[in-house]
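Please examine the sequence and the three-dimensional structure shown here. A short report accompanies them.

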Amino acid sequence: MSWGRRLVRVASPLAALGVWQLLTSLDVNLWLRFEQFPTVVEVASALADRIGTETYWQDLGHSLRRIALGFLLAAVLGVAAGTAVARSRWAADVLGPLVEVVRPVPAIALVPVAILLLPTNEQGIVFITCAAAFFPVLVSTRHAVRALDPAWEEAVLTLGGGRFRVLFSVVLPGALPGVFGGLSVGIGVAWICVISAEMISGEYGVGYRTWQDYTVVDYPGVFVGMATIGVLGRLTSTAVEALGRRVTAWLPSAGEGGAAGPARPSGSAPASAPRTDTAAPEGPTGPAPTDSAATRSSVALPVPDKEPVT
């Protein structure tokens, strides 16, 4: 990244903070009522006070633990369910209709279900967080698996590999870019829902503390909570994207040898070998007829029947 782009990225939030400070310090009231907003200086002062308290870090720890548990569960279940729906007709028929019916329901609307179903509020918040991230991961995984070139699977089966070999050598490595796209979206949705769940039924956490500040009309404290949520969301999203770049480092980049071709699973052989057959000699009236078997390789590998997808 060039220094010019880095400078713009630093200057952009600083300019936004400057405009915020100017509008609030001057009590601007042009339809938008900035006179009720705390200034940047007031929010910074409140943040400095909160950072020095034990309660702030306890709330941070509770929210991070809930995000970690809910998001990891969503990642495992979403990848497994998405792969199953994409690879198995039986799973698609059983899970597909349920997924499409439940997916449009906002995760925060599941708060009553979590309260009735689970014994503690803590488990209910983790459940809501998991439900929020589950569907983006599932849908992205399903599309990524279905978009894979079937030639790779056929090559593994031709060489004697079984279904588990296909799954772990072709399907999952080939779908990783799409999977991490879903994880990146899922972590953002998870933060939205965990904060909302903490506001409704939590006892600790950043969302709970932000709502408490609102009820006692502590507006600088509300903005401290919002800023904390934004920073945590950015850090976790960046961590997921960095992990995705690391585990997909084997993918060709656009700058390597010109335009990058289609992604190839790690450790796989090229999709096709160069042709070695020569053109048939011409007869008096055109090309001489040739036997198609003569143009094939002298050593033919047996091609087993492809195992049916169940």
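## Basis of the model

This is a predicted model, in which local features need pLDDT of at least 70 and side-chain atom pairs count only at pLDDT 80 or more, while totals for chains, interfaces and linings use all residues. Residues are numbered from 1 along each chain as its sequence is written, and side-chain values use heavy atoms, with hydrogens and water left out.

## Overall fold

The protein chain contains 10 helices and four strands, where helices (H or I, at least four residues) and strands (E, at least two) are DSSP runs numbered from the N terminus. Their order from the N terminus is α-β-β-α-α-α-α-α-α-α-α-α-β-β.

Of the 310 residues, 32% count as buried, that is, under 20% relative accessible area with a 1.4 Å probe, protein chains only.

## Nonpolar core

A nonpolar core is a set of buried Ala, Val, Leu, Ile, Met, Phe, Trp, Tyr and Cys residues joined through side-chain atoms within 4.5 Å. The largest one has 48 residues, of which Ile 128, Leu 183 and Trp 191 touch the most other members. Helix 8 gives the most to this core, with 14 residues.

Not counting residues up to four places away in sequence, Leu 183 touches Phe 71, Ala 75, Val 137 and Val 240; contact means heavy atoms within 4.5 Å.

Residues lining the largest cavity include Val 111, Ile 128 and Ser 201. On a 1 Å grid over the protein atoms alone, a cavity is a set of points where a 1.4 Å probe fits but cannot get out, and lining residues have an atom within 4 Å of a point. Helix 6 supplies the largest share of this lining, four residues.

Notes
Buried means under 20% relative accessible area, exposed over 50%, partly exposed in between (1.4 Å probe, protein chains only). On a 1 Å grid over the protein atoms alone, a cavity is a set of points where a 1.4 Å probe fits but cannot get out, and a pocket is an open set with protein on both sides within 12 Å along at least five of seven lines; lining residues have an atom within 4 Å of a point.
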